[in-house]
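Trainee: I would like to go through this structure one point at a time. Could you take my questions as they come?

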Amino acid sequence: MRLRRKLSFAATASLALLKLHTSNADPRYLERAPLGHFEVDYHSAFRMMRTDDYCSSAIEPESPIDLRVSKAHASHGYDTVRISIVSYTATAPMLTRLKDPEEQLIWDHSAPFQYRWTSQFDTGVKNARCVGSSEEGEGSLKSYSYTWGGYSESPAPDSKCLFDCQGLDECNFFSFYHNHTTKESRCELFKSCTECESTESVGLLQSPSNPIQDKDNNTLVFNNSSFYDGWTTTKKYGKSFIHTALVKIEPGRDNPFQVDGTQFNVKIPLDGSTAKFVAWGDPCISSKFVGCSFGKYFDAYEKSVNMINTLAEVDGDSGFDGFIMLGDNFYDSDGTITTSFWKRLTLKAMSKPLIYVLGNHDIWTGGAPAAGEVYDPLQYSLQYFGIDTVVSKENGNYFDYTINPDSPPPGSGKKYQSIGKICRIVLFHVSRSQLVFFYQRRHRQLRTQLAGTSLEGLAFSSSTELTPLTRCCLTSRRRAISFMRV
């Protein structure tokens, strides 16, 4: 929920150095400024993921299919889920219900992503520049220079370069240079990249005279401008497509399905029974877009992946029924952090129903409309998660693409869902006091409804709408929720 401070990058970097150089400084408590690029080896697993040509940190996915399962909008009935596959091809995979006899199912929607996250990228290799196939028309597509205008212009210095690459089907790599002092930036787009040169020799990544250690005695990289400056080469995994369908299942038992030969089970608890969830809020693993003080110190990426994959292996009554993501999910503007995480999840983990709430940073990278930039994801990151919204109830469509996010205002992120004994899943990303303040100030027509009352029986979705509900009660605190059964 925190808002990114509107300080100059040089000022915030200097502040970070000052804090770290203070005696007895503890890096856990450093309020990191956004870096504008991913940290070198921002999680430990990346040290093993670079290709031999040093041009990519692409991740080999744990699962043969990129699966999403979400609970359908309550209007479709308790026994309905949305099953989705995210892929890099327009060719729809075959979805089959494994019963006797087998039933081939039809996707309701099969199309490319629109407006945002339309391609997926790795998180790049720092201090690497593509030099192979440099002739235009061969490997090189185009190159240009510009001066970055700061966070009021875009979520990161390379946002323009990434958007240009994802807008060109033939672009598969881009190399990007940035100097945080002069704001000079250069973008080079490539069809292919057969070789990358290391640019690490331009400067040390740390100050040998003043290294800073984390709790495991690993040197933290904060003290040299080359940490902020230099070349990064990023690989495009491919253009993003989603194939999705609303499917009836039988609650309380395994419902086996198959997608192009890969089998998985979908299960939700019996209607009226207790549901167990893993609830997860504000996961922060990188400081590229918003300062992340704890991500690298605790290796939040690797530990979170291991936690989810391990819990997903627990079957029966000891297992759990699904995941809830409470908002500010990875503080990710362009999908690169989310993609790097989701590729590490196992098929069992992805077959668990997902309930996903947009946080303020999921809509505006900076955390509020006033901190918004032209490349903000708004509600369009929901495409990646296969979430069923109220749009499917209103007109049968998967998503509302009628509003171009570059022509505000956006619309459609509203949703509510039902699973287990909770008659409605009611989630807040902000505290109750913040909610009342928001609506008393910005939605005067609701002031009489809220004045002098609690928020019992009201569901708050995506900072856009209050939906009256019956028979449901909740209490909420910032980044935490509790449910009261009826």
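Trainee: Is Tyr-88 buried, partly exposed or exposed?

Mentor: Keep in mind that this is a predicted model. The relative accessible area of Tyr-88 is 34%. Buried needs a value under 20% and exposed one over 50%, so Tyr-88 is partly exposed.

Trainee: And is Tyr-237 buried or exposed?

Mentor: The cut-off for buried is under 20% relative accessible area. Tyr-237 has 18%, so Tyr-237 is buried.

Trainee: A search of the whole structure finds 25 aromatic pairs. How are the rings of Tyr-88 and Tyr-237 arranged?

Mentor: Their centres are 6.4 Å apart, and their planes lie at 0°. Planes under 30 degrees apart count as stacked. The pair is therefore stacked.

Trainee: How many residues apart are Tyr-88 and Tyr-237 in the chain?

Mentor: Tyr-88 is in the loop between β2 (80-87) and β3 (95-97), while Tyr-237 belongs to strand β15 (residues 230-239). The pair links distant parts of the chain, and the separation is 149 residues.

Trainee: What is the arrangement of the rings in the pair Phe-163 and Tyr-375?

Mentor: The centre-to-centre distance is 4.5 Å, with 50° between the planes. Stacked requires under 30 degrees and edge-to-face over 60. The Phe-163 and Tyr-375 pair is tilted.

Trainee: Where in the chain are Phe-163 and Tyr-375, and how many residues apart?

Mentor: Phe-163 is in helix α2 (residues 159-166). Tyr-375 is in the loop between α6 (360-363) and α7 (382-385), and is buried at a relative accessible area of 18%. This pair too links distant parts of the chain, at 212 residues apart.

Trainee: What is the handedness of the crossover from β19 to β20?

Mentor: The chain leaves β19, passes through helix α3 (residues 300-312) and reaches β20. This β-α-β crossover is right-handed.

Trainee: Which residue in β21 is the bridge partner of Phe-323?

Mentor: In strand β20 (residues 322-325), Phe-323 and Met-325 point one way, Gly-322 and Ile-324 the other, and all are buried. Three bridges join β20 to the parallel strand β21 (residues 354-356). The partner of Phe-323 there is Leu-354.

Trainee: Which residue lies over the face of Phe-320?

Mentor: A charge sits over a ring if, among other conditions, it is within 6 Å of the ring centre. Here the distance from the ring centre is 4.8 Å, and the residue is Lys-352.

Key: Residues numbered from 1 in each chain as written. Predicted model: local features only at pLDDT ≥ 70, side-chain atom pairs only at ≥ 80, totals over all residues. Heavy atoms only, no water. Buried < 20%, exposed > 50% of the residue type's maximum accessible area, 1.4 Å probe, protein only. Helix = DSSP H or I, 4+ residues; strand = E, 2+ residues; numbered from the N terminus. Right-handed = clockwise from strand over helix to strand, strands pointing away. Pairing = 2+ DSSP bridges. Phe/Tyr/Trp six-rings, centres within 6.5 Å; stacked < 30°, edge-to-face > 60°. Lys NZ or Arg CZ within 6 Å of the ring centre and 35° of its normal.
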